[in-house]
Amino acid sequence: MFDKKISVIVPAYNIENLVEKCLESVYNQTYPGKLLEIIAVDDGSTDSTLEKLNAFADKHKEDKDGAKIIVIHQENGGSSAARNNALSIATGDYVGFVDSDDFIDPHMYEDLMNAIEAEDGEILMAQASRDEIAENGDKLPDVCIPPSEKKVVSGQEHLRTLLMHTGDASYCTKLTKKELFDSEDGKFPVGELNEDFYLMIHMLLKVDKLVILPKQYYHVFYRSGSNSRKKADQKDYFPPVFTDIVRNSDVAFDLVQKSFPELREVAIRFCLVQRLDYLLHIPISKMTADNDFYKKDVVGFLRKHLGDVISNKYLTSKNRAYLLALALAPKFVRTVHAKIKHL
């Protein structure tokens with residue numbers, strides 16, 4: 001018999017056509033409804049999202065054995081602010097998150113909690129695998145390859161997978177012990193696009209064990225136009241996510257230096273690959289001498305770490321070739337690259 005309460009937080013912004021499917025998937029969990037709390041946060045929507053949330057709560061308010069549904073409204077402040085707002089009133093022993101355009105398998109939280117309890121209470125975090133679904137219903141290639149069987153890893157081992165781009169930093173695929181969010185540094189950074197990664201790498205310092213299940217319980221619905229990395233109608237648009245991933249790589253490196261020095265080479269590889277991603281996407285028109293971040297934090301970093309580019313065993317030969325070329329002549333290389341790729 002279960003005795004742990006789960007709070008599931010669903011931030012929602014202008015998602016009137018999908019939010020009901022999301023909420024139904026959370027409400028219809030096989031985990032006992034009396035131990036389930038759903039906190040839906042309207043983040044200042046300008047469509048009928050708030051009305052849909054209230055209607056869903058009203059529809060189920062008389063269900064004696066169903067989950068408790070709480071709807072709160074805030075001025076638009078982004079996903080991190082919405083999550084932090086919900087965390088301040090969450091009463092669960094464990095917390096889950098579901099993005100309002102996604103949906104989850106009915107057994108997700110029951111199976112995650114079973115995995116937690118099977119480890120005699122030592123688990124502070126449990127993770128389901130995920131898949132991505134296109135608008136036409138087709139399954140997209142896996143972003144994170146599920147393990148072949150259940151595995152239990154330490155916080156440090158999971159951090160290593162994140163730095164190698166093989167792990168899952170999302171809180172949506174996880175059940176996380178509420179106490180991990182209760183400290184001052186247990187909040188999502190407001191205004192950051194990679195808020196899950198930022199908080200996760202710091203939280204892993206406190207995680208003794210994380211259990212990962214192979215089944216793909218969490219379903220990411222990939223909406224065209226929802227990708228923050230591109231705006232096809234703006235040729236010179238450079239999404240801020242590319243700057244954020246570089247900054248977060250430096251934060252990760254500093255954390256590794258202080259707490260996990262044995263991961264230094266993996267962390268350097270992460271810093272280099274994030275900068276490669278930046279340089280392969282920045283519009284050539286923005287590769288200018290007065291762009292300090294591009295000039296100093298990206299190209300300058302590569303030039304200071306040419307030795308690491310050459311010697312790092314975790315870089316592929318293709319990574320190494322691109323990094324060396326871009327470090328020495330970034331604008332020229334990108335111009336040639338664009339002609340070859342017909343960009």
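Me: What lies 2.9 Å from a polar atom of the side chain of Gln 216?

Reply: The backbone oxygen of Arg 130 does. We call that a polar contact (N or O atoms within 3.5 Å; within protein, one able to donate a hydrogen and the other to accept it, and residues adjacent in sequence count only if both atoms are side-chain atoms). Before we go on: this is a predicted model, where local features need pLDDT of at least 70 and side-chain atom pairs pLDDT 80 or more, while totals for chains, interfaces and linings use all residues. Residues are numbered from 1 along each chain as its sequence is written, and side-chain values use heavy atoms, leaving out hydrogens and water.

Me: Where does Gln 216 lie, and which residues is Gln 216 in contact with, leaving aside neighbours within four places in sequence?

Reply: Look in strand E9, residues 210-222. Helices (H or I, at least four residues) and strands (E, at least two) are DSSP runs, numbered from the N terminus. Contact just means heavy atoms within 4.5 Å. Setting aside residues within four places in sequence, Gln 216 meets Ser 129, Arg 130, Asp 131, Lys 139, Asp 142 and Pro 146.

Me: Is Ala 40 buried or exposed?

Reply: First the scale: buried is under 20% relative accessible area, exposed is over 50%, and partly exposed is in between (1.4 Å probe, protein chains only). Ala 40 comes out at 1%, so it counts as buried. This residue is in strand E2, residues 36-43. Not counting residues up to four places away in sequence, Ala 40 touches Val 10, Leu 23, Leu 53, Ile 70, Val 71 and Ile 72. Thr 335, on the other hand, is 47 Å from Ala 40, C-alpha to C-alpha, and 295 residues apart from it in sequence.

Me: And what about Gln 74: buried or exposed?

Reply: Gln 74 is buried, with a relative accessible area of 10%. You'll find it in strand E3, residues 68-74. Its contacts, leaving aside neighbours within four places in sequence, are Val 41, Asp 42, Asp 43, Gly 44, Ala 81, Ala 82 and Asn 85.

Me: Where is Tyr 31 found, and what does its side chain reach?

Reply: Tyr 31 is found in the loop between H1 and E2. Its relative accessibility is 1%, which means it counts as buried. The side chain of Tyr 31 reaches the backbone oxygen of Lys 4 at 2.4 Å. Tyr 31 also touches Tyr 109, Glu 110 and Met 113, among others, not counting residues up to four places away in sequence.

Me: Which residues of helix H4 are buried?

Reply: In H4 (residues 108-117) they are Met 108, Tyr 109, Leu 112, Met 113, Ala 115 and Ile 116. They span an arc of only 155 degrees around the axis, so they sit on the same side of H4. That arc is taken from the directions from the helix axis to the C-beta atoms. Among the elements covering these buried residues are strand E1 (6-12), strand E6 (125-134) and E9.

Me: Which residues are buried in helix H12, and what do they pack against?

Reply: In H12 (residues 330-340), Pro 330, Val 333, Arg 334, His 337 and Ala 338 are buried. Seen down the axis, they fall within an arc of 135 degrees, so they line one face of the helix. They pack against helix H8 (264-279), helix H9 (292-304) and helix H11 (317-328). On the other side of H12, Phe 332, Lys 339 and Ile 340 are exposed.

Me: Which residues other than glycine have a positive phi here?

Reply: The general idea is that most residues other than glycine have a negative phi. Asn 14 has a phi near 45 degrees, and this residue lies in the loop between E1 and helix H1 (19-27). His 165 has a phi near 60 degrees, and its place is in the loop between helix H5 (155-163) and E8. Asn 14 is partly exposed at 26%, and His 165 is partly exposed at 38%.
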